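Reader: Please take me closely through one part of this model, beginning with a loop residue and its backbone and continuing into the surrounding architecture. Kindly state the cut-off of each term where it is used.

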Amino acid sequence: MTRIYFQAGPTTLPKEVMQQAKEEWDDFLGTGLNIMEHSHRGSEYEGIHNQAKTRMKRLLNIPDTHEVLFLQGGASLQFAMIPMNFIQGGKTAKYVLTGAWSEKAYKEAQKIGTCEAVITGKDSDYRTLPEMNYVSSENDAYLHITSNNTIYGTQWSDLHAFTHPNLIADMSSDIMSRPLSVGDYGLIYAGAQKNLGPSGVTAVIVRKDLLQENKSVPSILSYSVHAKNNSLYNTPPVYSIYLLNLVLGWVEKCGGVIEMEKRNHNKAGVIYDTIDRSNGFYNGYATTESRSNMNVTFTLLNDELEKLFIKESEENGIYGLKGHRSVGGFRASIYNAVPQESCDSLAQFMRHFQEKYGK
């Protein structure tokens with residue numbers, strides 16, 4: 001039986017990428033070594049490192065005003081690095097709260113400098129995204145948003161709704177899934193383990209004029225230091241960046257982010273359509289206007305049915321559907337590498353399950 005996985009992350013990598021990595025496992029470019037065994041200062045790795053940067057710039061149409069960094073520590077380290085680097089001169093960092101990850105980012109920033117939550121969707125239990133009506137002020141250090149909320153299954157559909165001179169976005173769970181105007185952002189960051197590759201590396205896209213050296217920030221936590229050293233200030237996560245580069249190559253071969261957006265819309269649509277046609281047997285957690293194309297969240301009528309759903313889905317080779325403990329129910333994470341066929345199979349199982357237990 002073919003197994004299908006919908007984990008929230010780390011998650012599925014493209015089969016073509018895994019096959020190439022397998023073929024190069026113990027002999028990268030005829031060297032007789034795995035890329036992990038090469039020096040990060042050597043030409044073999046340097047080629048991968050720079051190709052990954054070039055591919056990311058090309059795929060996201062990143063302007064010359066911005067720098068691409070590959071850092072460690074996950075998106076969670078960025079929760080601290082951002083305020084450490086940018087809350088200066090008595091300014092205040094502003095946060096839009098749309099879920100658990102934005103709350104964590106906000107709490108970390110509060111430890112470092114003056115912060116304020118200016119918009120929040122908490123009153124709706126994060127089922128719907130709040131109205132984006134914040135007007136920037138001269139005292140703002142930056143405005144921080146989270147573009148997609150994995151736990152609740154919500155996603156900002158119109159990223160142009162945000163206008164701020166120093167807009168910062170956590171795009172860990174939907175980067176590379178759709179086109180975006182990078183020039184509108186001061187900084188974008190994304191843990192790789194959803195759409196970019198495996199865990200271990202975090203992509204940061206930062207506007208160059210923000211790369212001002214702050215001597216109070218430790219070197220390892222300074223964007224300026226990492227930019228000056230081409231993300232090679234310390235030993236990078238070589239294998240994670242190697243796989244990230246292969247994933248970016250796969251996205252290019254598939255047709256780029258425009259094609260990814262089309263595929264993701266179709267994949268999500270199949271599952272949402274099944275939910276909407278179920279006459280209340282399945283209930284979407286997120287409100288319709290806030291639904292995510294990356295994480296489809298839904299519940300059933302009672303706990304007994306939900307236990308049966310997990311049991312029988314796994315018996316049918318479908319795994320990773322259990323929702324986050326704070327929300328319950330189910331979550332199908334359908335990042336770029338999850339194929340349409342997997343979503344079709346899930347929708348078919350959902351319909352059969354309803355036929356069996358919905359009478």
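Author: Met-176 is found in the loop between β8 (167-170) and β9; helices (H or I, at least four residues) and strands (E, at least two) are DSSP runs, numbered from the N terminus. The model is a predicted one, in which local features need pLDDT of at least 70 and side-chain atom pairs count only at pLDDT 80 or more, while totals for chains, interfaces and linings use all residues. Residues are numbered from 1 along each chain as its sequence is written, and side-chain values use heavy atoms, with hydrogens and water left out.

Phi of Met-176 is near 70°, a positive value in a residue other than glycine. Most residues other than glycine have a negative phi, and most peptide bonds are trans. Met-176 is buried, because its relative accessible area is 0% (buried means under 20%, exposed over 50%, partly exposed in between, with a 1.4 Å probe and protein chains only). Asn-279 likewise has a positive phi, about 55°, although it is not a glycine. Asn-279 lies in the loop between α7 and β11 and is exposed, with a relative accessible area of 76%. A further backbone feature is the cis peptide bond that joins Gly-9 and Pro-10, with omega about 0°. Pro-10 belongs to the loop between β1 (4-5) and α1 (15-23).

Lys-94 stands opposite Glu-116 in β4, and the bridge partner of Tyr-95 is Ala-117 in β4. In a regular strand the side chains alternate between the two faces of the sheet. Between these strands comes helix α4 (residues 100-110), and β3, α4 and β4 make a right-handed β-α-β unit. A crossover is right-handed if, with the strands pointing away from the viewer, the path from the first strand over the helix to the second runs clockwise. The buried residues of α4 include Ala-100, Ser-102, Glu-103, Ala-105, Tyr-106 and Ala-109. Their cover includes α3 (74-86), β3, β4, β5 (140-146) and β9.

Gly-200 is found between β9 (187-191) and β10 (202-207) and is partly exposed, with a relative accessible area of 40%. Not counting residues up to four places away in sequence, Gly-200 touches Leu-71, Gln-72, Pro-237 and Ser-240. The C-alpha atoms of Gly-200 and Ile-241 are separated by 8.4 Å, although the two residues lie 41 residues apart along the chain. Asp-64 has its place in the loop between α2 (43-59) and β2 (66-71) and is exposed, with a relative accessible area of 70%. Between the C-alpha atoms of Asp-64 and Gly-183, 119 residues apart along the chain, the separation is 9.4 Å.

A second open sheet has 3 strands in the order β11-β12-β14, paired antiparallel, and its edge strands are β11 (283-284) and β14 (330-333). β11 pairs with β12 (residues 295-299) over 2 bridges, and Gly-284 stands opposite Phe-298 in β12.

Helix α7 (residues 256-276) packs with α9 (residues 340-357) at an angle of about 0°, their axes being 9 Å apart. That makes α7 roughly parallel to α9, since angles under 35 degrees count as roughly parallel, over 145 as roughly antiparallel, 65 to 115 as roughly perpendicular and the rest as oblique. Among the residues in this contact are Val-270 and Ile-271 in α7, and Leu-346 and Met-350 in α9.

Note on methods. Pairing = 2+ DSSP bridges. Contact = heavy atoms within 4.5 Å. Axes fitted to C-alpha atoms, helices over the stretch in contact; angles between N-to-C directions.
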